[in-house]
Amino acid sequence: MNQHAPFDPNANHASTAPAFLSVWEMEAYYGESFIVQGISFNVHEGEILALLGRNGAGKTSTLRAIARVAEPEIRHGEVWLDHKPLHKMKAHDAAQAGIGLVPEDRRIIQGLTVEENLKLAQIAPPVGWSLERIYDLFPRLGERRKQEGTTLSGGEQQMLAIARALARDIKVLLLDEPYEGLAPVIVDEIEKTLNVVRDQGLTTILVEQNAVRALNLADRAVILDTGSVVFDGSAREVLEDERLRQEYLAI
Ligand SMILES: Nc1ncnc2c1ncn2[C@@H]1O[C@H](COP(=O)(O)OP(=O)(O)OP(=O)(O)O)[C@@H](O)[C@H]1O
């Protein structure tokens, strides 16, 4: 796309389905370091997009830029969510517009129970899933609703972090390495919940080191390498392309 052409959030960079979240020629910087180098990709409503690439490729930076947290700073390009210009917003407004970022460190609030963590997420409208619906999806959290959140196991804390995002009225879930450090059986449980979330129409961007797991779950994949998009297509295509897997994912 021409850099000077007016941006059309309905235009498609790589697919025929209408875009729900559009990243267009986004450049992002930490200070003077140019980390995300003018990337464009679309995410469609109700899909799981795996955002993959080697260490340092720029995956976390891309999620952070979309969520408009303090750094990295977007200095060129646009990000649109359901016709709203995220690139013009601060993190709080991006969250209000429907971004639900679950960072790698999960940020469970100390001194609060599971239920209090969830209720805190619902303190400002618009409210998302009810506690009842959340406990249906995550029975482990329902059983531990009175337990302090920081005393949960790593997998339970990851579930709480995802549940807390769902407790708000979000449109897109941004997950940064949700499987890190978790036993395969817990990863299975989290995958099941992500499938349910997709069935309910929510859109997810999944950044994950475990690329095989992510590709088996995702509908589409975008692969980054040194801050640029090197692949944008179906997840199955990546699984079937040995060269792509070896060159960019080392699998
Ligand atoms: N706060 C920061 N200040 C300066 N540079 C940073 C900062 N955070 C990340 N970077 C740099 O940005 C580049 C991309 O990092 P990023 O964390 O986005 O990559 P990643 O693909 O998520 O990597 P990983 O898979 O290892 O988590 C790296 O070179 C990293 O050193």
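Which residues does the UniProt annotation "domain: ABC transporter" cover? In the unreviewed entry, it covers residues 21-251. UniProt positions follow the numbering used here, feature names are shortened, and annotations may be inferred rather than shown by experiment.

## Model and span

This is a predicted model: local features need pLDDT of at least 70, side-chain atom pairs count only at pLDDT 80 or more, and totals for chains, interfaces and linings use all residues. Residues are numbered from 1 along each chain as its sequence is written.

The span 21-251 is 37% helix and 28% strand. Its end C-alpha atoms lie 28 Å apart. Helices (H or I, at least four residues) and strands (E, at least two) are DSSP runs, numbered from the N terminus.

## Helix α1

Helix α1 (residues 59-67) is largely enclosed by the rest of the structure, because eight of its nine residues are buried. These are K59, S61, T62, L63, R64, A65, I66 and A67. Buried means 20 or more other C-beta atoms within 10 Å of the residue's own; exposed means 12 or fewer; partly exposed is in between; C-beta atoms are placed from the backbone.

R68 follows α1, with a positive phi near 65°.

L174 touches L63, I66 and A67, among others, not counting residues up to four places away in sequence. Contact means C-beta atoms, placed from the backbone, within 7 Å.

## E189

E189 sits in helix α7 (residues 184-199). It counts as partly exposed because it has 19 C-beta neighbours inside 10 Å. The C-alpha atoms of E189 and G227 are separated by 31 Å. The two residues are 38 residues apart along the chain.

How values were computed: Contact = placed C-beta atoms within 7 Å.
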